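Subject: Structure handover

Hello,

Here is the structure you will be working with. Please open it beside this email and follow along.

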Amino acid sequence: MIVYKKSKGEFLTDIEDFIIEDIVRENVHNKLHRKVGDSEYRSWQNSLQYMANILRSEKIPGDAGIAIEYNIPRTGNRIDFIVSGQDDTGIEHAVLIELKQWDNIQLTTKDAMVRTRFAHGPSDELHPSYQAWSYSALLYGFNETVYTENIQLKPCAYLHNCKDLSVITNAFYSEYIAKAPVFCKDDKIELREFIASFIKHGDKRDMILRIENGRIRPSKALADNINSMLKGNAEFVMIDAQKMVQEEALAIATGSRASQKNVLIVHGGPGTGKSVVAINLLAKLSKKGLFASYVTRNSAPRVVYESKLTGSMKKSEISNFFKGSGAFTDTKTNAYDVLIVDEAHRLNEKSGMFKNMGENQVKEIINSSKCSVFFLDEDQKVTLHDIGTDEEIRKWATFYNAEVTTMELTSQFRCGGSDGYLAWLDNVLQIRETANTVLDTQEYDFKIFDDPNELRDVIYEKNKDRNKARLVAGYCWNWASKKDPFAMDIVMPEFDFGMQWNLGSDGMLWIVSPESVSEVGCIHTCQGLEVDYVGVIIGADLVVRNEEVLVDASKRSGMDKSIHGYKKMMKENPEHTASLLNDIIKNTYRTLMSRGMKGCYVYFVDKEAEDYFKALLK
């Protein structure tokens with residue numbers, strides 16, 4: 001998404017007319033659908049004046065391209081300033097500049113982290129060279145135009161208020177400064193020379209627009225790269241909050257003792273990289289010699305990861321790396337250095353198949369480890385038994401005198417990088433009111449089908465490319481094929497439609513088994529995992545009447561354990577139970593509809609729901 005794109009000459013004219021910051025603010029509002037606060041507005045006024053002073057030189061051609069606040073496709077990340085053009089040999093270059101107003105900077109012991117001061121107090125932040133380099137790596141990794149047309153990305157950082165070089169250029173950060181040089185207040189000439197060394201001629205071929213319209217490269221899947229990650233290879237560049245969470249977790253974990261327990265709670269919505277950070281953290285902690293395990297309540301992610309590691313690791317090693325959340329009922333206190341709990345919102349009170357073991361999974365995890373890291377999204381609680389909340393974790397942290405740190409992952413890497421899509425989902429499902437009342441389907445590939453056969457056929461076609469498309473559904477149909485392998489489960493006679501649940505042959509490996517595209521998954525086999533395209537069949541448990549989104553638990557299959565016991569609960573506490581069921585069913589569909597990195601296609605059993613959703617599409 002291009003917020004501002006003009007030539008250098010036009011940019012300088014906008015600066016001299018004192019309208020540049022107003023143009024940027026209006027375009028951010030119109031294109032990114034985001035309001036601009038006073039402090040951000042003033043920072044543009046300040047930083048863009050400094051950049052104008054840098055560019056006022058004949059060494060940088062007047063027809064060089066200028067882009068401001070360039071939103072990297074498929075992500076929520078923005079590059080502050082880009083200068084584009086060609087060198088003497090005609091090779092295209094884009095200089096990516098991370099702008100900072102910092103003037104007070106201190107050294108930290110965390111990789112790629114510095115400490116600076118804001119109005120609210122000191123804060124650990126990414127070194128701007130790391131940030132600039134990571135954005136260039138992200139753009140190179142996601143954009144086909146950059147990758148195939150040999151466009152050279154040259155990242156750097158400009159701290160135009162900073163005079164003291166001693167910290168920001170400290171040898172501790174040399175690895176990242178070598179990848180993206182940093183320039184300070186008195187380095188105007190050096191920054192100008194850096195830009196001019198690559199931009200000898202103007203942007204003759206509208207490079208920024210070509211990058212904007214470039215095809216999205218197939219993205220890496222965590223499961224496909226887990227083997228390499230656990231061997232210590234950096235398969236994913238940690239971006240912004242991901243890197244900050246990783247470094248804070250490493251610092252907390254290495255400083256934890258039996259007498260000084262720590263709990264880190266990391267909040268993050270779908271696609272913010274919770275699982276990538278969790279696995280990366282597991283690899284780094286293990287490399288440091290710490291006894292760490294990755295924990296989930298839902299077995300699907302663990303089974304998929306374990307299948308990818310089979311043959312390259314001993315079974316005993318794999319079992320040490322991955323644990324179910326019910327594995328700690330009898331574990332000795334502080335037996336683990338670190339337990340990393342992914343999908344922590346799915347933790348239960350009791351463990352075991354019959355819910356008759358242990359006392360509380362949150363309590364048992366904190367008891368079993370010197371440091372516990374919980375990755376949490378309370379909007380993905382999808383059963384009556386899910387107890388994973390910030391409040392519950394804090395309660396047991398206090399019980400064990402553990403210090404609690406809270407962080408948040410915000411950047412969106414799924415759903416086309418569209419925070420707007422997720423906000424629209426919240427609004428349209430009436431989970432919470434947001435400003436995103438209408439979805440622009442150009443921002444994210446969302447389609448509604450009025451025939452489930454058409455939905456199935458499109459998913460089959462999308463799957464041919466990379467085996468990364470799957471069908472999922474609400475658990476509103478009985479698992480008939482469990483007893484009769486020839487029976488169809490999800491049946492709609494009016495469409496001559498019939499498919500089976502995936503619960504049989506492939507089980508939890510359904511999302512990666514090549515032939516399983518012919519089966520339909522449910523929340524239990526896809527939560528915590530992702531595909532390129534997801535097709536969602538929304539059952540009769542979610543309907544719309546007079547534009548109100550309603551849930552009906554009675555339409556769920558009696559075989560669905562996620563709401564088992566709700567009838568008894570309705571008799572004992574009807575108001576509370578109704579609220580819980582409303583959250584669970586809506587959260588289930590929110591989770592299913594956010595599994596697609598590139599697109600989500602939907603069929604509604606309830607036609608009024610279909611019409612309601614269609615009316616909210618642009």
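Below are the notes on the whole chain, followed by some local details.

First, the ground rules. This is a predicted model, in which local features need pLDDT of at least 70, side-chain atom pairs count only at pLDDT 80 or more, and totals for chains, interfaces and linings use all residues. Residues are numbered from 1 along each chain as its sequence is written, and side-chain values use heavy atoms, with hydrogens and water left out.

**The whole chain**

The chain has 22 helices and 24 strands. These are DSSP runs numbered from the N terminus: helices are H or I with at least four residues, strands are E with at least two. The radius of gyration is 26 Å, close to the 25 Å that the globule rule gives for 618 residues, so the chain is as compact as a globular protein of that length. That radius is taken over C-alpha atoms, and the rule is 2.2 Å times the number of residues to the power 0.38. The C-alpha trace spans about 80 × 60 × 50 Å along its principal axes.

Of the 618 residues, 58% count as buried. Buried means under 20% relative accessible area, exposed over 50%, and partly exposed in between (1.4 Å probe, protein chains only). Now take contacts, meaning heavy atoms within 4.5 Å. Among those between residues at least 6 apart in sequence, 74% join residues at least 24 apart.

**An enclosed helix**

Look at helix 15 (residues 361-368). Here 8 of the 8 residues are buried, so the helix is largely enclosed by the rest of the structure. Among them are Lys363 and Glu364. The cover includes strand 10, strand 11 (292-296), strand 13 (336-341), strand 14 (369-376) and helix 16 (390-399).

**Aromatic pairs**

The structure holds 28 aromatic pairs. Rings of Phe, Tyr and Trp (its six-membered ring) pair if their centres lie within 6.5 Å; planes under 30 degrees apart are stacked, over 60 edge-to-face, and the rest tilted. Tyr130 and Trp133 have ring centres 5.5 Å apart and planes at 65°, so this pair is edge-to-face. Both residues sit in helix 4 (residues 128-142), 3 residues apart, which is about one helical turn.

Phe183 and Phe194 make a tilted pair, with 5.5 Å centre to centre and 50° between the planes. Phe183 lies in strand 9 (residues 182-184) and Phe194 in helix 8 (residues 188-198), so the pair ties together parts that are 11 residues apart in sequence. Phe183 is buried at 8% relative accessible area. Phe194 is buried too, at 16%.

There is also an aromatic cluster to find. Its members are Tyr421, Trp424, Tyr444, Phe446, Phe604, Tyr612 and Phe613.

**Three loop residues**

Gly273 is in the loop between strand 10 (262-268) and helix 12 (274-287). It is buried, with a relative accessible area of 15%. Leaving aside neighbours within four places in sequence, Gly273 contacts Gln242 and Leu409.

Most residues other than glycine have a negative phi. Ala112 is not a glycine, but has a positive phi of about 60°. Ala112 lies in the loop between strand 5 (105-107) and strand 6 (113-118), and is buried at 0% relative accessibility. Asn467 also has a positive phi, of about 55°. Find Asn467 in the loop between helix 18 (452-466) and strand 17 (469-473).

Best wishes
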